[in-house]
Amino acid sequence: MQKSLDIFNAKPQSVFDVICERKNTGFYMPAYQRPYSWEENHVMDLFSDCNNVFRNLLDSSDAIIFLGSILSVDDSAAETVYPLAKKQKPTHIKLIIDGQQRLSTLMLIILCLNERLRLLLPSLKKAIKAEEKEENEDILDSLEGLREIASQLIIDTSNTTVETTADHEVFKFYPKIIRSQVDCWGKDERKARYDSPISELLIKYQRHVIEQGESAVFKSFDLSQLNIESKRVINNIKAIRKQLDCIQNGFEFKLSGGETEEKINIENFVDVDTLDLCLDFPVDEELLEATQKYPKLEGIIHVAAFARFLLHRVCLTYVEVNSESYAFDMFEALNTTGEPLTAIETFVPKVIEHISNKRKNGTSEEELESAMATLNSVTERFESLIKSKEKNDKSKALILAFIRAYQGKVKVTSLRDQRDAMLKSYENCHYSSKDEYLVQFAKTADFIFEHWQRTLPDVGHLVDAGERDLANTCLRYLVDMNHDIVQSLLVQFILIDEKHETVGSEYSSFAEVLKAVTAFSVLWRAMSGGADGIDGVYKKLHERGLQGQSTGYQLRNGGLTSAGFDVEAVKSFFKDELEAKILSKGSTKDSAFEQWLDICSTQPLLTKPKSIKLLLLAAFHGIELKGTQYYLSDRPSTQFLTTSSWEMISGKNAIKKVFNGGSSKGWEDEAIFDPAEFNKLGNVLVDARDSISSVNPPSWYDLKQHLLQALSNDSLNEIDTILLNKGELSNEVKRNAAVLMLESKFEDITYADVWNKKSIDERTELLLKNAWENLTKWLG
């Protein structure tokens, strides 16, 4: 039986244990870790806590600070490190899953302590030389003891870099922290790259120390050497230096009310047992006497005491887990205030690991860079998202669409489900197919972000220019209905188009499938006004496939072929599923169309205006009233399946009812007072200008007069002329034309002398029949 200790090891460790004693350990921040973000107020809060507990330490040996946890995975084999210079890495590498903010900030404080101790040490050496001349052995012994402590602290706090065996004076050091994709450990100028703010600071400070050499006077590190992108780090270094000034002056920190904390004098340190016991920092009368002779020594005692305190009494719970999967689970359990890592963020290291393996196998740098560019094309989409919920929602949507397209069955209810879906599908993917997997994932992201989730959904270059407006109408309907399950199928046919170089051409498979799923959705929903189990059809397609197929409609296992993904076969599948659904409704009519018409004719479709918008456009499309008869027409003014018409019919209060169920005054036929009647499709009134009151509905006579007045508009006769204009029409002109076209449909209402049950039923049948004729063409 596997014991828990085989999975993870957790124990409290001091800052010294975690950072300073691990001399050959580098900390690696994976790509999914957010950039360093702690600000000055975080730094000041940390120093405030340290100040309070340090003061308590003077009275009690129990005084200690726990800062939280560091969660890591050992990756000394550098499997997740990218980029990686061959054989140029620290001996031990810890992949940081959680705790990078506090770890990075502690590294900054340690660096600043090193700088401050180097600045103060010359004053101590000068005092020692003076006492050597006076041959005051007692004071000299105390000063020598202080020098040993300060020198050892300088050594301990120098471990912000990892020293290697390289000959180069500068490049023999690695910064102890680097970030994925941004930095690269290296022993020469060609390989070493340290562009992230933390690693840049660590390596440049190390070079500064080398340049100072054995100078008698150590100079402060010039922060102007850092890049402008390091502003947050620069500000935090400045804040840390100010806090160290307070410590050097006797822990005189400024309180929130503007007052200054009571100074700790050296007298307060003399013969304090806890300083000796807990910090190995004894202060005797001789050292006190030395500070009276050499006042500058007070500062180094204060700083050295604080340095010992930070390194040995500030602790972290250091957790090392044997796999990232367990680490993420533990992170979720421990993380109560931070943002959870998305499944995309935890997927990235696996791709980088694969890219690293390809490098080891001799893959060209050009190919590796192409793979990284593909990965970055996905991750960069999430970098601008600030709100955690938005990031998680978009991650979930992308994963759901891709995993269903890739392997059919998918469960992504929880964050763990999403991670497992991505990681397991990628791990189970054959080595030679992982690049294709990544490309397909990136193409899915392109479609979701660039087309589906746009403020105004748009197919763009995916469809031929001549078909683009119709395709956009379909896409906007699907997005409006939150019919996300179709994304997987659409992505599959985008990939088919890319494979056969038919993207955006008249031969686009995507364009045909887009119309097919739209028609299927509209006709299906018309029978109930709702989804009515439509998602199950897509699950069946992706999990079981078409009749005669051994697998579902899936991308894995090299399934992206014309034979496997056939447009006509998909259309036939949807047509069969629609007819099966119609049959299940129990109509006694003969043909599928008659049954569908029978079912939909009694549906209260006007109770759900959102779901019938495209049904209405299809119902209005391609017919016109001449006298009392309807005729097919291809005149521009009868072409309603356009984005302009979609925009107008989507307007607030655009879809109304001729008789709206309110006052019956002025309406002769009592039969239409029944909701089952006045909610039929034939009672629809599309009022694009929202000119008819729903609060105080007019009588039939008043309504008819209003509609007739609208129909007397001379501009109605100019619609075809406007739309046939050879020049490019502005969106405003198209919208105005769409309004006029919708108003021209008032004729369907005003031709009736009396608005009654017969008028509604006849118009219901007419509209449904024309919608069926127009939409079933898209199903083949």
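Two exercises with worked solutions follow.

The model is predicted: local features need pLDDT of at least 70, side-chain atom pairs count only at pLDDT 80 or more, and totals for chains, interfaces and linings use all residues. Residues are numbered from 1 along each chain as its sequence is written, and side-chain values use heavy atoms, with hydrogens and water left out.

**Exercise 1.** Determine how many disulfides the whole structure holds.

Solution. Step one: apply the criterion, a pair of cysteine sulfur atoms within 2.5 Å. The search of the whole structure returns 0 disulfides. Step two: examine C246, whose sulfur is too far for a bond because the closest cysteine sulfur, in C50, lies 13 Å away. C278 is likewise in no disulfide, the nearest cysteine sulfur being that of C315 at 11 Å. Step three: consider accessibility, where buried means under 20% relative accessible area, exposed over 50%, and partly exposed in between (1.4 Å probe, protein chains only). C246 is buried at 16%, and C278 is buried at 14%.

**Exercise 2.** Describe how helix α12 packs against helix α15.

Solution. Step one: locate the helices, which are DSSP runs (H or I, at least four residues) numbered from the N terminus. Helix α12 spans residues 343–360 and helix α15 residues 415–428; their axes (lines fitted to C-alpha atoms over the stretch in contact) come within 9 Å and cross at roughly 20 degrees. Step two: classify the angle; α12 is therefore roughly parallel to α15 (under 35 degrees). Step three: list the contacts (heavy atoms within 4.5 Å). Among them, F347 and V351 belong to α12, and M422 and L423 to α15. The contact residues comprise 7 nonpolar, 3 polar and 3 charged.

How values were computed: Axes fitted to C-alpha atoms, helices over the stretch in contact; angles between N-to-C directions. Helix = DSSP H or I, 4+ residues; strand = E, 2+ residues; numbered from the N terminus. Parallel < 35°, antiparallel > 145°, perpendicular 65-115°, else oblique. Nonpolar A, V, L, I, M, F, W, Y, C, P; charged D, E, K, R; others polar.
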